[in-house]
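Trainee: I have a chain open on the screen and would like to go through it with you. Where shall we begin?

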Amino acid sequence: NTFTVDGIVQSDTFGLNGTPFAARNSLPLPFDIVDQLSVEFAPFDVEYSEFTGCLINVVTKAGSNEFSGSAFYTYFDGGLFANSIDGAPLNANEEKRYGATLSGPIIKDRLFFSVGYEEADLTGGNNFGPNGGGFTNEANFVTQEQFDEFARIARDVYGQDVGGYPTALPEGNKRYFGRIDAIINDDHRLEATYQRLEETNIESDFGGQNITGLNSFEDEGTTSDYYSVRLYSDWTDTISTELRVSRAEV
């Protein structure tokens, strides 16, 4: 599958992720700047390439002669989470999500802007750990005492701080978006957009039969910047062109 924004490819070009995006964990743009969405199954149009399945294209919001905006905030913490499962303690998830958009004219009937920002601050409860450590799912091959002893030897003998075993793992992202629309004349229109994504996700970098400290976990987030310019032109009643130039830095 592939993912595009205003016709510009933003998919996992190299097949490195578990998502269709170049991002590892996040939608790569603020959700509230999405204006339209199209889904095409195995399209054969010559303008598409490098995928065989589904095309998902997002059309972003453009500015207009009227100012408009939006804002939101959502919160979720341990008070809205179960304390235990079948008597076993449960480390809760915590979530904060907020964002805002604003659009309007710079020069009425000629030049318009649209901007958006969204941020998520998440903490995932880690519910797998050493036996006796108070985890919902406990490892049957190592106890909390054994883990603590291993950490002590690594620190005192080898000078390596493995970190404690975490009960919570942070995850988060920041998403920026900006768009300028220019009406050059009745036959030519120019669009320019910029996106930035900063994301982080701390998770284990080992298999299910291994236990290690936080300092051996990995941050599998990404940082990406997308730049694009699109020129739409009507040359006659029957001939029109669309030119796209884009750059992605991930």
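**Strands, surface and loops**

Mentor: Strand 13 (residues 188-203) and strand 15 (residues 223-234) run antiparallel, joined by eleven bridges. Keep in mind that this is a predicted model.

Trainee: Which residue in strand 15 is the bridge partner of Tyr194?

Mentor: Strand 13 covers residues 188-203, and its antiparallel partner is strand 15. Look in strand 15 for the residue bridged to Tyr194: the partner is Tyr227.

Trainee: What radius of gyration does the protein chain have, against that of a compact globule?

Mentor: Along the principal axes, the C-alpha atoms fill a box of roughly 80 × 40 × 35 Å. A compact globule of 250 residues would come near 18 Å. The protein chain has a radius of gyration of 24 Å.

Trainee: What share of the 250 residues is buried?

Mentor: The protein chain exposes about 14,600 Å², with 52% of that area from carbon and sulfur atoms. Buried residues have under 20% relative accessible area. Their share of the 250 residues is 35%.

Trainee: Is Phe41 buried or exposed?

Mentor: Phe41 sits in strand 3 (residues 34-41). With Leu37 and Val39, Phe41 forms a nonpolar surface patch of about 360 Å² accessible area together. Exposed means over 50% relative accessible area. Phe41 has 69%, so Phe41 counts as exposed.

Trainee: Which loop holds Ala42, and how accessible is that residue?

Mentor: Ala42 has a positive phi of about 50 degrees, although it is not a glycine. Its loop runs between strand 3 and strand 4 (54-60). Ala42 is partly exposed, at a relative accessible area of 34%.

Trainee: What is the relative accessible area of Asp86?

Mentor: Asp86 is not a glycine either, yet has a positive phi of about 50 degrees. Asp86 is found in the loop between strand 6 (84-85) and strand 7 (88-89). Asp86 is exposed, and its relative accessible area is 81%.

Definitions and conventions: Residues numbered from 1 in each chain as written. Predicted model: local features only at pLDDT ≥ 70, side-chain atom pairs only at ≥ 80, totals over all residues. Heavy atoms only, no water. Patch = residues over 30% accessible without salt bridge, like charges linked within 9 Å, V, L, I, M, F, W, Y side chains within 5 Å. Areas by Shrake-Rupley, 256 points an atom, 1.4 Å probe, with all protein chains shown as cover. Salt bridge = Lys/Arg side-chain N within 4 Å of Asp/Glu carboxyl O. Helix = DSSP H or I, 4+ residues; strand = E, 2+ residues; numbered from the N terminus. Buried < 20%, exposed > 50% of the residue type's maximum accessible area, 1.4 Å probe, protein only. Rg over C-alpha atoms; globule rule 2.2 N^0.38 Å. Pairing = 2+ DSSP bridges.
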